[in-house]
Amino acid sequence: MKKAVIWLMAMVICFSVAVAHGESLPLAAEALNMEALQRYPSYQENDKGRWAVRSNGADALLERFWDEGSDYSQSFLVFTVEAEGDSKTGIWQPVLRVYYAYPSKPLNATAISILADGIRYDLAAQSSIVENGKEKAEMISAPLTLEAVEMIAAVQNAGKVSMRLLGDSTYTTTFDAQSTTARKRLEAASLVALGDAAALLDQAGLENYGLWDRSNAAWKVNYGFAPLCMKSRVELALDGSEIDDEFGMIMKDQRSDASLKAQQALVSAGFLSGEPGKTFGTVAIAAVRRAQKYLGLVETGCADASLMRALTETKREATEENIEYSILEDAAGIQLNRYWFAQGVSAPYGADTARTSGNGDHLLLAADGWIINLSQEELRLFMHLDARVIYEDGYAFDATVVCERDGRSGLDISLLPMAKAPLLIYAEIPAHLAGEDEASWRIEISAREDTIKFDLE
């Protein structure tokens, strides 16, 4: 008990310092301008508010893909960067979409690798079959994380760009607008359309978007896999042995000293059983995929120098993030990280929007962070905590305080003693106020006579 009192006193001292210096929250996202996105002919939205859109340049490229593609007897691809999200919560994500025409059978791709001037981006992906009434193609979707967004500019500015699709088999192409082959010129047209796609993403607010963790969670809920991007500089040697591949990958059926060393490393790490050989066969590919899945890497099925280093590095146990709470009397510790504007809010892994504004002319101002119950009884958030959003030091909007539960898949209004959980606070405000650049906003949370304040940047 004495230790608990000392700990609480220390936390109160930390709180006093925090109040003296003030707390401020960064803006994580403006409200989506849905009217601007809806002007695009490709815009689609279902009855649950899930929307998708691509640029006019992407539409023109896909029309050409379907029109000219039927004349080619060989595989080829085009790619676009599109956007999709939830019109209520304002959570959205850029998506790399590759349309692959196959004469015989699809790749069933699970990864895309893009090589731009010696830098390789590996992206987790998922494929499906699409058609235009006459022709079929494999559509491969790779959600772009914050780390992957820089790839767009890198590809636009690169002198040489290549792409590899990885699945049951592989397809590799280098984009060459000067090629004498018609299908190669069509592939290279993807780079031209990329500028139009980048403009669309800017219009959606990409530059100031900071809700990537919620975007990635929503993608996993909707598509069953987590967005992932690995960036690396291509290395063409493995432990002194040459890798004969411009992507720095050891591919299926390659026979080399590098292939042997890769398999030896997989055996040593326990991902491959048996005697390693020089030929990189089906069993070795399966071992690579096991290793990549276990290590949290993009599952390309190809060995490379980065994977070999990951196999030999000492595994570090994950440690819980050190959270600094502002203490609210003896009731709770509160931490807020950011705020944003949207028509609705939900738990990151919740399948549906949980809370929405009740008026089309209103928005929700939302903020998230963490809460810990410091009292000896169950903390009922709607009873024990009072929250409000203050506009220009004079107008108060009542706010709702909830916590996330069940692996962040739902929202709750109570917390057991000493339990901690992700926190979500939201208040309904007039929509036109959200667009005021110089307006001052503040979130206040009170328990009995104690109040903590968070100024919004």
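Colleague: If I want to learn to read strand pairing here, which residue of β10 stands opposite S128?

Modeller: Strands of a sheet pair through backbone hydrogen bonds, either parallel or antiparallel. In this structure S128 stands opposite M139 in β10, and β9 and β10 (residues 136-143) run antiparallel, joined by six bridges. Two strands count as paired if DSSP finds at least two bridges between them, and the strands (E, at least two residues) and helices (H or I, at least four) are DSSP runs numbered from the N terminus. Please keep in mind that this is a predicted model, in which local features need pLDDT of at least 70 and side-chain atom pairs count only at pLDDT 80 or more, whereas totals for chains, interfaces and linings use all residues. Residues are numbered from 1 along each chain as its sequence is written, and side-chain values use heavy atoms, with hydrogens and water left out.

Colleague: In what order do the strands of that open sheet lie?

Modeller: The order is β3-β4-β5-β6-β10-β9, which makes an open sheet of six strands with antiparallel pairing. Its edge strands are β3 (44-45) and β9 (126-131), each of which pairs on one side only. Further in, β4 and β5 run antiparallel and are joined by four bridges, with W51 standing opposite G85 in β5. On β6, V98 is the bridge partner of F79, within an antiparallel pairing of β5 and β6 that extends over ten bridges. The hairpin of β5 and β6 has five residues between the strands, and G90 there takes a positive phi near 75°.

Colleague: Which helices lie across β5?

Modeller: Helix α3 (residues 56-69) lies across β5 (76-86), β6 (92-101), β9 and β10, and runs at about 140° to β5. Helix α5 (residues 182-203) lies across β4 (50-53), β5 and β6, and runs at about 20° to β5. These angles are taken from 0 to 180 degrees between N-to-C directions, with axes that are lines fitted to C-alpha atoms, for helices over the stretch in contact, and contact means heavy atoms within 4.5 Å.

Colleague: At what angle do the axes of α4 and α5 cross?

Modeller: Two packed helices are described by the angle between their axes and the distance between the axes. For helix α4 (residues 146-157) and α5, the axes cross at roughly 145° and come within 10 Å. The residues that meet are I152, V155 and Q156 in α4 and L191, L194, G195, A198 and L201 in α5. They divide into six nonpolar, two polar and no charged, where Ala, Val, Leu, Ile, Met, Phe, Trp, Tyr, Cys and Pro count as nonpolar, Asp, Glu, Lys and Arg as charged, and the others, Gly among them, as polar.

Colleague: How many residues of β27 are buried?

Modeller: Seven of the seven residues of β27 (residues 441-447) are buried, so this strand is largely enclosed by the rest of the structure. Both faces are covered, with W441, I443, I445 and A447 on one side and R442, E444 and S446 on the other. Strand β22 (residues 386-391) is joined to β27 by six bridges and runs antiparallel to it, and A387 stands opposite I445. The pairing of β27 with β28 (residues 450-456) is also antiparallel, over seven bridges, and F454 in β28 is the bridge partner of I443. Two residues lie between the strands of this hairpin, where R448 takes a positive phi near 55°.

Colleague: How many disulfides does the rule give?

Modeller: A disulfide is a pair of cysteine sulfur atoms within 2.5 Å, and by this rule the count is zero. C302 is in no disulfide, the nearest cysteine sulfur, that of C229, being 16 Å away. C302 is buried, with a relative accessible area of 4%, and C403 also counts as buried, at 2%.

Colleague: What share of the 457 residues of the chain counts as buried?

Modeller: The share is 51% of the 457 residues, in a chain that has ten helices and 28 strands.

Technical notes:
Buried < 20%, exposed > 50% of the residue type's maximum accessible area, 1.4 Å probe, protein only.
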